[in-house]
Amino acid sequence: MISVEEALRIIKNNIPPPVAQPLPLVEAVGRYLAEDILAPEQSPRYTNSAMDGYGVRWEDVAAASPEAPVRLAIVGESQAGTAFAGTVGRGEAIRISTGAMLAEGCDTVVRVEDTEERGDTVAIRAVKKQGQDVRRQGEEFRTGDLLLQKGSRIAAPQAALLAAVGITAIRVYKRCTVALLVTGSELAAVGEQIAAHQIRDSNMIMLQAAVQETGGIVAKGIRVPDDAQATREAIAGTEADIILCTGGVSVGRHDHVKEAAEANGFAPLFWKIKQKPGKPLYFARKGDTLLFGLPGNPVSAFMCFAHYVRPVITALNGLPFGWPTVSGEVAAEITNREKRTNLIRVQLTWRPHGGYCITHAARQGSHMLTSLSEADGYIILGPGQTLKEGERSDVYRYDFRREPV
Ligand code: AMP
Ligand code: MG
């Protein structure tokens, strides 16, 4: 049996590097950049107007006021999509719309509300400063500036930024694929007729959801009876970055996952961690494929997923190996009376001026799914360790959509 820290160290040392692939922008949404993106052009691309109004020369209008408006001759128009080709001379103005290119000669925009058009002239009634309501070429960023850093997530704003500078494809990390092999002859699929001696398979949907929330792709999900040959064949017929088995990793006569993995060429890296729940966790590797044998017990399986598998998925997706954590204050003393490290389920409450408050979840039974569904995360206490009221602790959150920090 190894410690939690030792297990994490072994796992970390065996994660293959994330794989980058070029993808069209729309397919890259939700993934993480495998490269820095430098601006291929400046923004704004050309000097343009921030308002609907008139393009003018500052020297003509500097003295304008409501009492003494300045009248200018309108010599043309610059529209979004159709620029004014000429030059604006002394005493002249052009009509201009938001985003339209500023014409040669003018340096200032006066918004419609501060003007009055009559015939082919416009009266300027108010101005504040030279260059007002003008968006200058390159004021946002210059060619070659860093737009997005390697590791950034491509969501709607990042995709828009890339599209705006004409980037249509980028290198992002591949999403990690996970195959689920749920073992147990006692299992019935959800929705199936269930016999008195059977239990419903809740691990399949639980792990599908957990993998998806983490950003992984569920490559397949199959159920396998407790049978040595069936388990060997199921592993042989599975291709994914991670093979996630549940059940069959204890010492029972019907536990076949370890032998089946090793018969398929997987090298065992550890089996059993000094922890509760999830003691029988098994970890093996074959080339770049990692295999986890999670305990069958749904609570243990989930806790092992949260602490050991989830950070591997995030690392393979191009993020740091880590957990979504928050720090909080313990509401009342929590003690680990076990001889093993205990992953204790807790609830979090947000106090507007006091940060997070941590309370021990009512149910801790590792056969009770409500011990998970009613908790917000878990804290980790070593054997005999106590957290007194008011002491701080990190909480590992179950909100897998949050990125590790
Ligand atoms: P095992 O690790 O195979 O010995 O299973 C431990 C416990 O977890 C047994 O009570 C199983 O019935 C239960 N269990 C195993 N697999 C599942 C599953 N897919 N869904 C719900 N419970 C399960
Ligand atoms: Mg079993």
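By class, the shell around ligand 1 holds four nonpolar, six polar and three charged residues, where Asp, Glu, Lys and Arg count as charged, Ala, Val, Leu, Ile, Met, Phe, Trp, Tyr, Cys and Pro as nonpolar, and the others, Gly among them, as polar. This is a predicted model, in which local features need pLDDT of at least 70 and side-chain atom pairs count only at pLDDT 80 or more, while totals for chains, interfaces and linings use all residues. Residues are numbered from 1 along each chain as its sequence is written, chains are lettered from A and ligands numbered from 1 in the order in which they are written, and side-chain values use heavy atoms, with hydrogens and water left out.

Of the 13 residues around ligand 1, those that come nearest are Glu 186, Ile 199, Asp 201, Gly 296 and Asn 297; a residue is near a molecule if one of its heavy atoms lies within 4 Å of it. Some residues also make polar contacts, meaning pairs of N or O atoms within 3.5 Å. The side chain of Glu 186 has an N or O atom 2.7 Å from an oxygen atom of ligand 1, and a polar side-chain atom of Asp 201 lies 2.7 Å from a nitrogen atom of the ligand. In the side chain of Asn 203, an N or O atom is 3.2 Å from a nitrogen atom of ligand 1. On its own, ligand 1 has 480 Å² of accessible area, of which the protein covers 73%, as computed by the Shrake-Rupley method with a 1.4 Å probe.

The domain assignment, which is automatic or from a database, gives domain 1 (4-19 + 175-316), domain 2 (20-43 + 140-173), domain 3 (48-135) and domain 4 (325-402). Taken over C-alpha atoms, the centres of domain 1 and domain 3 are 68 Å apart.

Finally, the backbone deserves a look. The peptide bond from Ser 43 to Pro 44 is cis, with omega near -10 degrees, and another cis peptide bond, with omega about -5 degrees, joins Lys 276 and Pro 277. Asp 133, a residue other than glycine, has a positive phi near 55 degrees.

How values were computed
A polar contact is a pair of N or O atoms within 3.5 Å; within protein, one must be able to donate a hydrogen and the other to accept it, and residues adjacent in sequence count only if both atoms are side-chain atoms.
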